[in-house]
Amino acid sequence: MDFEVSEELLQSETQHQIDTMVNQATREGLDPEQIEAAQADIFARAARNARVSLKTNFILQEIATAEQLVVSDQELISHLVRIAEKQKTPIKDLIKKIQRAGRLQSMRNSLLINKSIDFLLSCATIQQLPSTPALSTES
């Protein structure tokens, strides 16, 4: 399925992908010069990943709408409590930080995407295909 993605969303998601890749490279021990040398590759991979990510999220949101999946306030709060516990941060401080950054709705959307994936998995039927003998190229 192919459809257009708004340029603004694409740029935002591409930047998010770049930030994620650079942070991961830094955690893996790459120094700034190595990251700079890989800049063109990082940008190209980030652009590809962003397009796929946006399309995937769109499809999963459409599934959530069709199946009437929602994220309750209680589910969002439970998620925030788990994050606060993991970060050893008071929940009120975490909520203020997330609200100031304008990320509360994106967290709710993320939870909805996860619900869509869980829904698909619950409907999936996994079948083991019989193995086929390798074709011989010998005559």
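A salt bridge here is a side-chain nitrogen of Lys or Arg within 4 Å of a carboxyl oxygen of Asp or Glu. Keep that cut-off in mind for Asp41 and Arg45, which form one, with the closest N and O atoms 3.2 Å apart.

Some ground rules. This is a predicted model, where local features need pLDDT of at least 70, side-chain atom pairs count only at pLDDT 80 or more, and totals for chains, interfaces and linings use all residues. Residues are numbered from 1 along each chain as its sequence is written, and side-chain values use heavy atoms, with hydrogens and water left out.

Now, helix H3. Helices are DSSP runs of H or I with at least four residues, and they are numbered from the N terminus. H3 covers residues 39–66, which is 28 residues. From first C-alpha to last, H3 reaches 40 Å, close to the 40 Å expected at 1.5 Å a residue. That expected span is 1.5 Å times one less than the number of residues. After H3 comes Gln68, with a positive phi near 55°.

Which residues of H3 are buried? They are Ile42, Ala46, Ala50, Ser53, Leu54, Lys55, Leu60 and Ala64. Buried means under 20% relative accessible area, exposed means over 50%, and partly exposed is in between, using a 1.4 Å probe and protein chains only. What covers these residues includes helix H1 (7–27), helix H2 (32–37) and helix H6 (104–123).

Thr14 is buried, at a relative accessible area of 15%. Leave out residues up to four places away in sequence, and Thr14 touches Ala46, Ala47 and Ala50. Contact means heavy atoms within 4.5 Å.

Setting aside neighbours within four places in sequence, Ile35 contacts Val22, Ala25, Thr26, Leu30 and Ile42. Now compare positions along the chain and in space. Ile35 and Glu62 are 27 residues apart in sequence and 37 Å apart in space, C-alpha to C-alpha.

Asp41 and Arg45 both lie in H3, four residues apart, about one turn of the helix. Asp41 is partly exposed, at 42% relative accessibility. Arg45 is partly exposed too, at 34%.

On to packing. Two packed helices are described by the angle between their axes and the distance between the axes. Axes are lines fitted to C-alpha atoms, for helices over the stretch in contact, and angles run from 0 to 180 degrees between N-to-C directions. Under 35 degrees counts as roughly parallel, over 145 as roughly antiparallel, 65 to 115 as roughly perpendicular, and the rest as oblique.

How do H3 and H6 pack? Their angle is about 75°, and their axes are 9 Å apart. That makes H3 roughly perpendicular to H6. On the H3 side, the contact is made by Asn57, Leu60, Gln61, Ile63 and Ala64. On the H6 side, we have Asn109, Leu112, Ile113, Ser116, Ile117, Phe119 and Leu120. By class, this contact of H3 with H6 has eight nonpolar, four polar and no charged residues. Ala, Val, Leu, Ile, Met, Phe, Trp, Tyr, Cys and Pro count as nonpolar, Asp, Glu, Lys and Arg as charged, and the others, Gly among them, as polar.

H6 has another partner, helix H4, residues 73–87. H4 and H6 pack at about 105°, with axes 11 Å apart. They are therefore roughly perpendicular to each other. Asp73, Glu75, Leu76, His79, Leu80 and Ile83 in H4 meet Leu104, Met107, Arg108, Leu111 and Lys115 in H6. By class, the contact of H4 with H6 has six nonpolar, one polar and four charged residues.

Where do the charges pair up? Side chains of opposite charge can pair when their charged atoms come close. Arg108 and Asp73 meet in a salt bridge, 2.7 Å from N to O. Arg108 lies in H6 and Asp73 in H4, so the pair ties together parts that are 35 residues apart in sequence. Arg108 is partly exposed, at 21%, and Asp73 is exposed, at 52%.

Then Glu75 and Lys115. Their salt bridge has its closest N and O atoms 2.9 Å apart. Glu75 lies in H4 and Lys115 in H6, so this pair ties together parts that are 40 residues apart in sequence. Glu75 is partly exposed, at 31%. Lys115 is partly exposed, at 26%.

How many salt bridges does the structure hold? Three.

Note on methods: Helices (H or I, at least four residues) and strands (E, at least two) are DSSP runs, numbered from the N terminus.
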